[in-house]
Amino acid sequence: MDNHQKRNLTFLTIGLIFMLSGIEYAVILPTIWRYLQLLEAPPYFLGLGLSAFSLSGLLTGPLFGFWSDRFKTTKSIILFSNLFEIAGNFMYFIGYSKWLLLCSRLVAGVGAGAGSSIFGFLTRSTRPEERAGIFAAIMACRQAGLLVGPAFNLFLRLCDFKLGPFVVNKYTSPGFFMCLLWVLLQCVILAMYWDVPPISSEGGAMMVEMKGEEDDEEEVPLMRSDEELVHTYKAVNSNQLETSTSSEMQLVQGTSEVSNPFKNFSASREFLREEVVVLLTAQFITLFNQTALETMVTPLTQRYFSFGELGNSLMYSLCGMEVILGFFFVRWLSRKVADRAVLAVGLVICCTACIWCLIFLCNPRGGYGWELTAFIIGVFLQLLGLPFVAVSQVSLFSKVTSEKTQGLSQGVRRSVGGLATILGPLWAGGLTSNLYIMLGMMLVLLIMISVMAALSYDRLTEPRTVQCAQSSDSRGLSCSLSEEQERLKTDRGNALRF
């Protein structure tokens, strides 16, 4: 089996991992509140149980990311982290007390921390021009899990038997069911997951990173002999015979693995750059608003439309289908336009949706039909913007941060998102009857990130790189810009001519 086949099977396995995470959320969330009530837990335990999963993932994500960067392995990390998913779901199945149930979600959340290693692996195993499409497909897999998860509850709620000393009913069966699925996934990972080499190291490829602000007239020698390769070059201006000092190029040998990628690493230099701060802020605001809206929707539909379990289930199913279609549309769109343009479109849609909700949902007027129509339009717009922002900011983040420490960087990004998923429900939970305040704050946050993205628009792109490969006669290197950078350069030239 060649590397291409291994790579495709590995990506398929990653999709299954994300689908199972979506299924787990969908089968446990509908029953956990009643489960806690049977264990005589106070109401605040629901918030603790949901937040515990995010909290442990928030703390372990950077650690797993550091592990994958340091030792250049992902398969062993996923197998190890899935043990926590298995143990956590088994503890949920046992459920002797409210404290054991709380600990079960805390333990299971550790397994979610491996997502940072997976995104780091995807970054190293994909080309920049295809990365957004791959990320969109992986995110769509989780949404598919959220969509099909409720279908499993149709037979899980019928469970009523004993398994040795354990009782299997509609409240404990989701834990037992997910425990079995994670065990089966371990077998799939052992058989179908490979730590394939980074895409830049295949065939002796090399990458030249060009650092500098004035790059309109930069040219890269297309052929150089191996003996002439050095680690630092100066850019050559076509109008000058002497070497210009306006920019420099660093040559990175893709075949030589750095033993310690953190040797010259600086967290402040890596994460406090303008473009990185903008993308981390976008990550936080996107997930904060999303989880706040998820918290708000059910009380809102009950108050205004008298939706029951069937109505809410149908609504969530339709929402899931819209999000999945949105991710695949963004996957197609990312091949045509730059990631920062996709991000800008998403922010405009999100701001429009929030303004619509402020106008028509905070103080609804008119008949039942008009109120329901206004609600459907508002939810549709909110979900429409989500894939644009989610995919573009993840793809851009992978390009503006160092590839060598991508696992740690993705861990930091996911930790920021985990913090948002904790704070979002807390913010919205107490303001379901004060929608002007809740939606007003969400709109302020969206306007803030939109202004930040507009001011930093020129920096929201990957550093200019040149990919070099050994020529057929083994006497030189053939170098070229990546596909996305060629597109950006063409767009820039067209704008200047206009």
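**Exercise 1. Which residues of α5 meet which residues of α6, and how do the two helices pack?**

*Solution.* Step 1: start with the residues. F119, L122 and T123 in α5 meet R131, I134, F135 and I138 in α6. Contact here means heavy atoms within 4.5 Å. Helices (H or I, at least four residues) and strands (E, at least two) are DSSP runs, numbered from the N terminus.

Step 1: The contact of α5 with α6 is made up of five nonpolar residues, one polar and one charged. In this sorting, Ala, Val, Leu, Ile, Met, Phe, Trp, Tyr, Cys and Pro count as nonpolar, Asp, Glu, Lys and Arg as charged, and the others, Gly among them, as polar.

Step 2: Two packed helices are described by the angle between their axes and the distance between the axes. For α5 (residues 115-124) and α6 (residues 128-156), the angle is about 150 degrees and the axes are 10 Å apart. Axes are lines fitted to C-alpha atoms, for helices over the stretch in contact, and angles run from 0 to 180 degrees between N-to-C directions. The crossing of α5 and α6 is right-handed; a crossing is left-handed if the near helix is turned anticlockwise from the far one by less than a right angle, and right-handed if clockwise.

A word on the model before you go on. This is a predicted model, in which local features need pLDDT of at least 70 and side-chain atom pairs count only at pLDDT 80 or more, while totals for chains, interfaces and linings use all residues. Residues are numbered from 1 along each chain as its sequence is written, and side-chain values use heavy atoms, with hydrogens and water left out.

**Exercise 2. How many helices and strands does the protein have, and what share of its residues count as buried?**

*Solution.* Step 1: the protein has 15 helices and nine strands.

Step 1: of its 498 residues, 50% count as buried. Buried means under 20% relative accessible area, exposed over 50%, and partly exposed in between (1.4 Å probe, protein chains only).

Step 2: look at sequence separation. Among contacts between residues at least 6 apart in sequence, 79% join residues at least 24 apart.

**Exercise 3. At what angle do α9 and α12 pack?**

*Solution.* Step 1: α9 (residues 274-305) packs on α12 (residues 368-400) at about 160 degrees, and their axes are 10 Å apart.

Step 1: the two helices are therefore roughly antiparallel to each other. The cut-offs are under 35 degrees for roughly parallel, over 145 for roughly antiparallel, 65 to 115 for roughly perpendicular, and oblique for the rest.

Step 2: α9 passes α12 in a left-handed crossing. The residues of this contact comprise 16 nonpolar, six polar and two charged.

**Exercise 4. Where do E40 and K72 lie, and what is the phi of each?**

*Solution.* Step 1: E40 lies in the loop between α1 and α2. Its phi is positive, about 60 degrees, although E40 is not a glycine. E40 is exposed, with a relative accessible area of 69%.

Step 1: K72 lies in the loop between α2 and α3 (75-94). K72 has a positive phi of about 55 degrees, and K72 is not a glycine either. At 31% relative accessibility, K72 counts as partly exposed.
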